[in-house]
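Student: Could you take me through one part of this model closely, namely its pocket, and state the criteria behind each term as you go?

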Amino acid sequence: EKGGHDYFMLKEIEEQPGALENTLRGHFHDGGIILDEQRLTEQDLRDIDKVFVVACGTAYHSGLLAKYAIEHWCRIPVEVELASEFRYRDPVLGRDTLVVAISQSGETADTLEAVRHARTQRARVLAICNTNGAQIPRESDAVLYTHAGPEIGVAATKTFVSQIAANYLVGLALAQARGTKYADEVAREFSALAAMPEAVRQTLGTVDQMRALGQKLADSKAVLFLGRHVGYPIALEGALKLKELAYMHAEGFAAGELKHGPIALIEDGLPVVVVMPSAKGRALLHSKMLSNIREIQARGARTIVIAEEGDETVRPFADELVEIPAVPTLLQPLVSTVPLQVLAAEIARARGYDVDKPRNLAKSVTVE
Ligand code: M6R
C-alpha cells in the first residue's frame, strides 16, 4: 500500500506532481478562475479591501506565501496570522474583509474558531481545504478544494504544495474580480502554474541525493534553514518538518536577520540549509544571499544550498549543492520545498523513527 516505498511520506512526496495537477484542474474555465463553492457575489469580491490569512503549522507556511502573491497581483494588504492567535487579539474585521482559512483537514479547531470569530464580525470567509464537506468549508462563504487526495503521513507534503497553488488561484480570482489583472494576464499566470507539475516531477530527481545526505546528517545536533522573500516560508517549513519527524532542533530564519542574532549560533560543522533566490528573477536578493553564505561558511557552517540549475555562482560556497529547476520567482517554493521534505524524512528514518507517525502528533488537531 506504500507503493513500494519505505514510508507513506515518500510516496506522498512523489505524488506531488499529480496532487498539483488535481488542484489546478477544474479551477480555470472560459478564461477565468473558478472556485468550488461560491456564495459571494462579484460585488462582494470587488469590495474586499483587506485580507487576513489564518492557518496553523504547514498550512500557515503556505499562507505566508499567499501574501506575496495576493499583494502583488491585487494590491490589497494581506496579513497572515496563526489561527491560534487570531481571535484572541480582537483583529479589525468588517464586511469588506476577506478571511482566507487554510486547512488540509478542514477540522483544525484553532482555524475553525478563527473562522467563527471572523463571521461574528461579518467578515467574508473563504476556505482552502483538502477534505470535502469538512467543518471549516461548511462554515465558509466560498471554498476552494485542493483535491490532493488523502494524505496518510502526519507530515503535510502534497497538501502543502496544493495549498500553495490554491492560494495563488485565490489571488488570481481576486485580481480578476477587482480588475487588477486582465483576463489574458490571469491566463498567463495560470499557464505558469500549470507548468509546475512537470517542474516538481523534475525536482524528484533530487530524492536520492537528499536521502543520502539525510543519512549523513542524522547525528547533527541541530540544523538551520535560511531563506529570503518566498524562500523564507520554505525555510520555516523545512525546519518544521525536521522538528516534527526527526525530533531535532531546527530553526528557519530570514537570512537578513542573521546578523541580528542567529549568526551567533553558527559553529564548526553546523549544517545550514540555504534556499537560494532565483538568479535572474531576484538578482539583488541573490547577491545578498551569496554574501550570507560566505559569512556562515567562514564561521565553519556546513552549507547545503538549494539553487536553480545552472546557478554556478553558488558552487564555491556550497558543501552540498542541490539543483532545482529554474521557475518564476513566486512559484519557486513549489520546487524548493521538495528536497527539504525528503531530507527531514530521511534524517528521521536514519535516527530510527516512524516517519509516518511522529510522536505526540495527530493528523488532525481538533482541540484548541
Ligand atoms: O489540517 P490542517 O491543515 O488545518 O493542519 C494544520 C497543521 O496541524 C498541520 O499542517 C501540521 O503542521 C502538519 N503536521 C505539519 O506537517
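**The largest pocket**

Tutor: Lining the largest pocket are 23 residues, and those nearest its centre are Cys56, Gly57, Thr58, Lys363 and Val365. Here a pocket is an open set of points on a 1 Å grid over the protein atoms alone, where a 1.4 Å probe fits, with protein on both sides within 12 Å along at least five of seven lines, and a lining residue has an atom within 4 Å of a point. This is a predicted model, in which local features need pLDDT of at least 70 and side-chain atom pairs count only at pLDDT 80 or more, while totals for chains, interfaces and linings use all residues. Residues are numbered from 1 along each chain as its sequence is written, and side-chain values use heavy atoms, with hydrogens and water left out.

The space in the largest pocket comes to about 540 Å³, a volume being the space filled by probe spheres set on grid points that are joined across faces, edges and corners. Two or more lining residues come from each of helix H4 (57-74), strand E6 (97-103), helix H6 (109-120), helix H8 (158-178) and H12, where helices (H or I, at least four residues) and strands (E, at least two) are DSSP runs numbered from the N terminus. Of these elements, H4 gives the most to the lining, with three residues.
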